[in-house]
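My entries follow the order in which I looked.

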Amino acid sequence: MSEKISFEHYETEQFHDELFDDSCNPRHEAELLVWKINSLEPGELQRRQQAIERALLRMGITFNVYGHDDGTERIWPFDIVPRVVGADEWDRIESGLKQRIQALNMFIHDIYHDQEIVKDGILPEELLEDAKAFRDQCVGLSPPRGIWCHITGTDLVRNDDGQIYVLEDNLRCPSGVSYVLQNRMLMKRSFPQIFEASRVRPVVDYPSRLLRTLEYLAPRDIRNPTVVVLTPGIYNSAYYEHSFLAQQMGVQLVEGRDLVVKDGFLFMRTTSGFERVDVIYRRIDDDFIDPHVFREDSALGVPGLMDVYRRGHVALANAPGTGVADDKVIYAYVPQMVRYYLDEEIIIPNVPTYVCLNQDDRKYVLEHLDELVVKAANESGGYGMLIGPHASEEDRRKFAELIEENPRNYIAQPTLSLSRVPTIVGDHFEGRHVDLRPYILYGEEIFVLPGGLTRVALKKGSLVVNSSQGGGSKDTWVVAHPTENQTT
Amino acid sequence: MLSRVADSIYWMSRCVERAENLARFVDVTMHLILDLPDGAAETWKPLVDTTGERAFFDELYEEATQENVVRFLSFDSRYPNSIISCLRNARENARSVREAIASEMWEHLNQFYFMVKDAAECESPPTNSSDFFDEVKMASHLFKGIADSSMSRGEGWHFARLGRMIERADKTSRILDVKYYVLLPRLQYVGSTIDDLQWSAVLRSVSALEMYRKQFHGLSPHRVVEFLLLDREFPRAIQHCVIAADESLHAISGTVPGSYRNIAEQRMGQLRSELAYISVDDVISSGLHEFIDNLQMKLNAIGDGIFDTFITMRPVESQAAQQ
């Protein structure tokens, strides 16, 4: 237990490593961190790691494992070695994300109104017709301040070419930001000395910025509009995050049954009667928010909510209907959107994507199924996917049929080799693959939280970072410019 | 405050108090046994009766041995009012209002639950030592201490206090009843040394022995009943609990003290004045057990009144929107 863990024998093994260059020297922005870790007392790092795991359990930062009796709550594993991003690289990521979210917001507005992007022949019409997440109920809607996607968590990956790509835009209810804040708090508590010297840009102001973003949408001009967080309830796997954000913002956490529509306004039931609600940060999918308009069998939502929304008496974040831009086929057109709406070239590229609807792409995909990752347009969390190089002959044949049957529903991408970050494995460090989800707030201005959620695939060689499949998380440090004035 | 949140805070607080009092029950019974000359055989069964769950116990266990009864009351998840069930309940309630209570409260309750869960799951759960039950008591004290020093005296705090005080009044009355049950078949002990020992055990179980002594010096059943039932200052005495609950109820609604605007306040006020103007002689001459039975029913009615007044969703049409 008192073994000394250091980077002395660490190997990057031909992968792009976020902390070390190809000759295993620390990258400039990680030098201080590597030196500090190497100079810890033997056993110190392990002790800190265990203290953090205990704290997570104590704080109840756990997720439920479905299909088990109570008591099987797990913490989401946290690895103590942070991912470090240099200020220059971050500047580029930040401007890329701002550009992207601006274009996506214009796109969503466009397709629920005049659909100019279709009329001008940029986006094929048939794509829109078959888009499962397109909500007819949203046609002609104009959300408050013209903003549809207020809160976004975009998934980024770095391939072995060193280039960062956008893997997915999550424009519905992206989760995970609470882990960013908690991870940071735990790291600061465990390594105050390292932290102090490293000039890490702070993330602590996220809740107050989120609140400002939400208050900006309030339909009435009063000083303290009533903002609430709408959760499906304690059995939702992200419940911890919902309650954490409500607590950090100092607003009510409500469930559908706490809300009621009356005379075209929305109210919550309180011990002293009904109180009007102005803004809802909803963590329930479109399908469930209003049984009158979307799924009738939903018990989670509020009957009549959409009517109040249409009248402009309540704001919803994110707006309903944003999921259309999460469609993986529509994703492939984001670079064109950026050009079309902003007249700019895209800053952070998409992962090269073959759209099976296009005949040439389809032909290529079918001929190269053993090299490609095939994804269905509206699935997420690793479902509806074929990882060509690891799939059986039979699975590939099945997917080939699916693609032929319904080409609109599939895209394919080359298999990426995600970059790695050193991670504690037993008594030493090994590289493990990571992705990165920064969080973007779109209110009066667009704000990108410096850092984000670094998810790490803890199994050796694995590329799956999902919490349900052996993933963990790490703190993400955006290291400030030497001249920059910042406080942590 | 959201009605659902108020309800959860109220039950979170009640459940923690219930767990603490169960620990006190078990503890006082363990002490009583030590003081009884003719063994323990008939001591544990009345404890099950006191909790009002005899039929359920008989379904699950054959004999009312110490091990079985303690296991049932403390560690049996099948019994919805066992210590572990109470804490699971309290924790689930707290989880659903995490944003409305101090995070230290949640963290402590979470740890408290794991402490009991670990004890319940170990190979031989601690059914014959006081240590575990002391720990439960201390954890409950700590929970209240954290609440008192970290929550504003707003609705949330008052709902927590309301739940705690109603639960405590009910349970102090049941602890008095334990003594009643134990003594019932042994009238010859009344007034003997054994009787003395037992009454002091009862007082100790609600941490009242020292405060009692300051006030009354010698032990007499009469005075013990007076102290636990009618003392206004001792925090586990029933009258004290009712006064505190009444204060919180009025603080929540803003109703002028001494008057009522809803059924909960009315019932609470009636009970408060009954306790204020009754003498211990009246209680004993009309029968302690009957009096306690009645008191428990009144406390239940107050609980129902609170639910109807603050929690049940009222029809939309009957309410003017408040800004």
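This is a predicted model: local features need pLDDT of at least 70, side-chain atom pairs count only at pLDDT 80 or more; totals for chains, interfaces and linings use all residues.

Residues are numbered from 1 along each chain as its sequence is written, chains are lettered from A in the order in which they are written, and side-chain values use heavy atoms, without hydrogens and water.

**Whole chain.** I looked up the secondary structure of chain A and found 15 helices and 23 strands, taken as DSSP runs (H or I of at least four residues for helices, E of at least two for strands). The radius of gyration of chain A, taken over C-alpha atoms, is 23 Å, close to the 23 Å of the globule rule for 488 residues (2.2 Å times the number of residues to the power 0.38), so chain A is as compact as a globular protein of that length. Buried residues (under 20% relative accessible area, 1.4 Å probe, protein chains only) make up 58% of the 488.

**One sheet.** I then followed four strands of chain A that form an open, parallel sheet in the order 8-7-12-13, where pairing requires at least two DSSP bridges. Strand 8 (252-254) and strand 13 (315-317) each have a single partner strand, so one side of each is left without a neighbour in the sheet. Strand 12 (residues 279-282) pairs with strand 13 over three bridges, and Y281(A) stands opposite A317(A).

Key:
Buried means under 20% relative accessible area, exposed over 50%, partly exposed in between (1.4 Å probe, protein chains only).
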